[in-house]
Amino acid sequence: SGMPKGDTATLANLATMTSGIPSYTCSDTFTNAYFANPAQVWQPQQLVDVVKGQPASFPPGTKFDYSNTNTVLLGMVIEQVTGKPVAEVFKEQIFTPLNLTSTSFPAASAELPSPYLSGITEQGQPEGKTTNATNWNPSWAFTAGEMISTLDDLHVWSKALATGEGILSAEFAQKRLDSLNPTVEPNTPEKSYGMGFGRINGWIGHTGELPGYNTTVYYNPALQTSIVVMVNSDIPTASGENPAPTVTTALMQLVEGSSSSPSASASASAGASTGS
């Protein structure tokens, strides 16, 4: 209720980032409040209220534009439909079936289980300064990124995210894959976004960014290969790119180049994985 074009945007529009609903994280009102008090606990309704009264970026279904508001709204729908906290739903439908024992939805907590790496960021700081964002409260992201995990768990998740194996029916998994077919700009055959995941050439997965941490998770069904990169910094490279995607692109090129040799092809078919 109250979202720009919320009377015509569908759940599928939210999941494919084609709703036209702006991202609350692009609002100076939100970012100023967040960086003024990174320990603040945010409620989902507070997050989506940031864009109430704003015009839609475009009519639903006509373009692709990544918006964290979409994913927060989907989380709110999950809680409304199930009558349960989203943390409980994730545990029942994803973490337990996939045996992701080190993955959690922290809710209002800023605690990380030991051992952990401290996260370093420049966001919200004077130019040229960095700070430790490890204990900044992640509730500002809700279902758009409020997650804790490990390299091993994300290795398992990479295949499930791309294929639906272990958590989705074959019919719905195929529906998600079909959603990757580019139908609206700026999606292309080489790079497109579908229902909750993206595709870069043959690699299917997602990125994750929040102050102090940068993560990518991708799986290539043809090569049966996963690439998971976790960086405890979100500070961009000299060329302005996020660190984890930069490493991931290089690893993709290495894997694709080696897959042409017989020995590498045999290794890939056995489910080889690459991590950093």
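**Backbone angles, rings and a helix**

Met-17 is buried, with a relative accessible area of 2%. Buried here means under 20% relative accessible area, exposed means over 50%, and partly exposed is in between, with a 1.4 Å probe and protein chains only. Before I go on, the ground rules: this is a predicted model, in which local features need pLDDT of at least 70, side-chain atom pairs count only at pLDDT 80 or more, and totals for chains, interfaces and linings use all residues. Residues are numbered from 1 along each chain as its sequence is written, and side-chain values use heavy atoms, with hydrogens and water left out.

Back to Met-17. Its phi is positive, about 60°, although Met-17 is not a glycine. Met-17 sits in the loop between helix H1 (11-15) and H2. Helices (H or I, at least four residues) and strands (E, at least two) are DSSP runs, numbered from the N terminus.

Asn-99 also has a positive phi without being a glycine, near 60°. Is Asn-99 buried or exposed? Asn-99 is exposed, with a relative accessible area of 55%. Its place is the loop between H5 and E1.

That loop between H5 and strand E1 (120-121) also holds Pro-115. Ser-114 and Pro-115 are joined by a cis peptide bond, with omega about -5°. Another cis peptide bond joins Glu-185 and Pro-186, where omega is about 0°. Pro-186 is in the loop between H7 and strand E3 (191-193).

Next, the aromatic rings. How many aromatic pairs does the structure hold? There are 13 aromatic pairs. Rings of Phe, Tyr and Trp (its six-membered ring) pair if their centres lie within 6.5 Å; planes under 30 degrees apart count as stacked, over 60 as edge-to-face and the rest as tilted.

One of the pairs is Tyr-24 with Phe-30, which is edge-to-face, at 5.1 Å centre to centre and 90° between the planes. Tyr-24 and Phe-30 are both buried. Phe-30 also pairs with Trp-140: the ring centres are 6.5 Å apart and the planes are at 45°, so this pair is tilted. The pair links distant parts of the chain, with Phe-30 in helix H2 (residues 28-36) and Trp-140 in the loop between strand E2 (131-132) and helix H6 (151-163), 110 residues apart. Phe-30 has a relative accessible area of 4%, and Trp-140 counts as buried at 11%. Both belong to one aromatic cluster, formed by Tyr-24, Phe-30, Tyr-34, Phe-35, Trp-42, Trp-136 and Trp-140.

Arg-176 lies over the face of Phe-197, 3.9 Å from the ring centre. The test is that NZ of Lys or CZ of Arg is within 6 Å of the ring centre and within 35 degrees of the ring normal.

Which residues of H6 are buried? They are Asp-153, Leu-154, Ser-158, Ala-160, Leu-161 and Ala-162. Their cover includes helix H5 (86-98), helix H7 (170-178), strand E5 (203-210), strand E6 (213-220) and strand E7 (225-231). Contact means heavy atoms within 4.5 Å. After H6 comes Gly-164, with a positive phi near 80°.
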